[in-house]
Amino acid sequence: MNQTPRFRTVLRCSLLLVSLGAVAIACGEAGPDPLTVKPYDAAKQVTFNTPQGGTKVNPDKPLEVTVKREEGRITDVSVVDDTGHHLAGELSADGVRWRSTGALSAGAKYTARVATENPEGSPGSRSLTFATAPAKEQLTVEFAPENGEYGVGQPIIAELSAPVDKAARKAVERGLKVDVKPGVEGAWHWLNDDVLHYRPKEYWPEGGKVTVTNNLQGVKIAKGLYGGPPGEPLKMTFDDRMEAIVDASSHWMTVLQNGEVIRSVPITTGKPGFATRNGVKVVLGKEYFVRMRGSSVGIGGSEAYNLPVYYATRVTWSGEYVHAAPWSLGSHGYANVSHGCTGMSTRNAAWFYENFQEGDLVEVINSIGEDMDVFGNGYGDWNMEWPEWREGSALNADTKPDGSSATDAARLRPRI
């Protein structure tokens, strides 16, 4: 077979490559690639709106970086505080101006790095460090309950040192981090302008742990108001899921541990006119002995009482307990004769007292009484349906299990 045509083709290709190589070398003689050149100092080219002479920056005002159009353009801006948080911003389409869209933190130190490009395409750079003025007004947060072990129904409470309007609530929620292990879906719910509660969609996981931290220090909440010192984090652990189902119509209480029935006892609940509230309640505390007087809750006349009560487990602030009621033993399992509390034998009350703790659950069903208040008379948080609870969060659908939300990009480039 004749190989000459193939040889000639290879030769022509080789000569073409040599020729192209010569052209490439010739073009390269025009100057170095701008991308390989060390950036020039753009200090005279780039201007910041920060005050001169070391004066601290007002955190209420946005940061601006500009360059004269005829001197080139800004290609990138990075502004980072001393904790590693980036300041969000927007670069104009022509690359002449960058302006922060996120709020500066008060009392923080920042490093700004600006990349530029001159009309010839050569890269430049400028860096600036500056500090922001401390806040004149600070918002502090107090968490409840105290650190410790709780039942799976215990909500988290955050009380603010000052009221905030609805426009500022997102900033507060983003700064209150709830870390749950194992992770569960949860959200904050605002009761008013200075109190909010956090709960999961369902109860906390048995054997779980939660850590709540305040990351608002220096963060802008509203004009002139910034987050104050973080304080100590709240740490809680959860034991078994303990639930008492109080059936006011059958006059029996069923106790479940992690979903399995472990005890059933005869009880009495509130009689007509004093019927026990329906709904889920959370154990608020326990008192081995308490003297119960009708006068303390506005009950007098023929219904007045003054009784020494043992093994009292409180479930509302207004005085509803699960407790020993030996004076009504004959009615247990048969009739409702109390003034609203759930009464049982001393032996059963002692068992309940020893096995239930703060955060455990007591649910009353089939009572002729009113429904448990969601807020204001203990922790009725679980009586609100999840979609409605979520509506009480300023972040709504953006809320993640730890209370955080998606934020704007830290660095924005010009649109093409």
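**Surface, core and charged pairs in a predicted model**

Tyr-288, Phe-289 and Tyr-310 together make a nonpolar surface patch of about 310 Å². Patches are built from residues with over 30% relative accessible area and no salt bridge, like charges being joined within 9 Å and nonpolar side chains (Val, Leu, Ile, Met, Phe, Trp, Tyr) within 5 Å, and the areas come from the Shrake-Rupley method with a 1.4 Å probe, in which, for residues, only the protein chains shown count as cover. The model is a predicted one, in which local features need pLDDT of at least 70 and side-chain atom pairs count only at pLDDT 80 or more, whereas totals for chains, interfaces and linings use all residues. Residues are numbered from 1 along each chain as its sequence is written, and side-chain values use heavy atoms, with hydrogens and water left out.

In soluble globular proteins, nonpolar side chains tend to be buried together. The largest nonpolar core of this model has 37 residues, and those with the most contacts inside it are Ile-156, Val-164, Val-172, Leu-176, Trp-188 and Val-210. Among the elements that give two or more residues to this core are strand E10 (141-144), strand E13 (176-181), strand E16 (209-214) and strand E23 (279-282), while E12 gives the most, with four residues. A nonpolar core is defined here as a set of buried Ala, Val, Leu, Ile, Met, Phe, Trp, Tyr and Cys residues joined through side-chain atoms within 4.5 Å. Not counting residues up to four places away in sequence, Val-164 touches Leu-139, Arg-169, Val-172, Trp-190, Asp-193, Ile-221 and Leu-225, where contact means heavy atoms within 4.5 Å.

Side chains of opposite charge can pair when their charged atoms come close. Nine salt bridges are found in a search of the whole structure, each being a side-chain nitrogen of Lys or Arg within 4 Å of a carboxyl oxygen of Asp or Glu. In one of them, Asp-60 pairs with Lys-220, with the closest N and O atoms 3.6 Å apart. Asp-60 lies in the loop between strand E2 (46-48) and strand E3 (64-67) and Lys-220 in strand E17 (residues 220-222), so this pair ties together parts that are 160 residues apart in sequence. Asp-60 is partly exposed at 27% relative accessibility, and Lys-220 is likewise partly exposed, at 24%. Another salt bridge, at 3.2 Å from N to O, is formed by the side chains of Glu-64 and Arg-99; Glu-64 is in strand E3 and Arg-99 in strand E6 (residues 97-100), and the pair links parts of the chain 35 residues apart.

A further salt bridge joins Lys-281 to Glu-320, where the closest N and O atoms are 2.4 Å apart. Lys-281 stands in strand E23 and Glu-320 in the loop between E25 and strand E26 (321-324), 39 residues apart. Both partners are buried, Lys-281 at 0% relative accessibility and Glu-320 with a relative accessible area of 5%. Through shared partners, salt bridges join Arg-277, Lys-281 and Glu-320 into one network.

Lys-281 is also in contact with Asp-360, as are Gly-151, Val-152, Asp-240, Met-242, Val-282, Val-283 and Asn-355, when neighbours of Asp-360 within four places in sequence are left aside. The C-alpha atoms of Asp-360 and Lys-281 are 8.5 Å apart in space, although the two residues are 79 residues apart in sequence. Asp-360 occupies the loop between helix H3 (346-355) and strand E28 (361-365) and counts as buried, at 1% relative accessibility. A polar atom of the side chain of Asp-360 lies 2.8 Å from the backbone nitrogen of Gln-357.

Several backbone features occur in loops. The peptide bond joining Ala-144 and Pro-145 is cis, with omega about 0°, and Pro-145 lies in the loop between E10 and strand E11 (148-150). The bond from Lys-181 to Pro-182 is cis as well, with omega near -5°, and Pro-182 is placed in the loop between E13 and E14. His-251, although not a glycine, has a positive phi of about 65°; this residue lies in the loop between strand E20 (242-247) and strand E21 (252-257) and is buried, with a relative accessible area of 12%.

Note on methods. Buried means under 20% relative accessible area, exposed over 50%, partly exposed in between (1.4 Å probe, protein chains only). A polar contact is a pair of N or O atoms within 3.5 Å; within protein, one must be able to donate a hydrogen and the other to accept it, and residues adjacent in sequence count only if both atoms are side-chain atoms.
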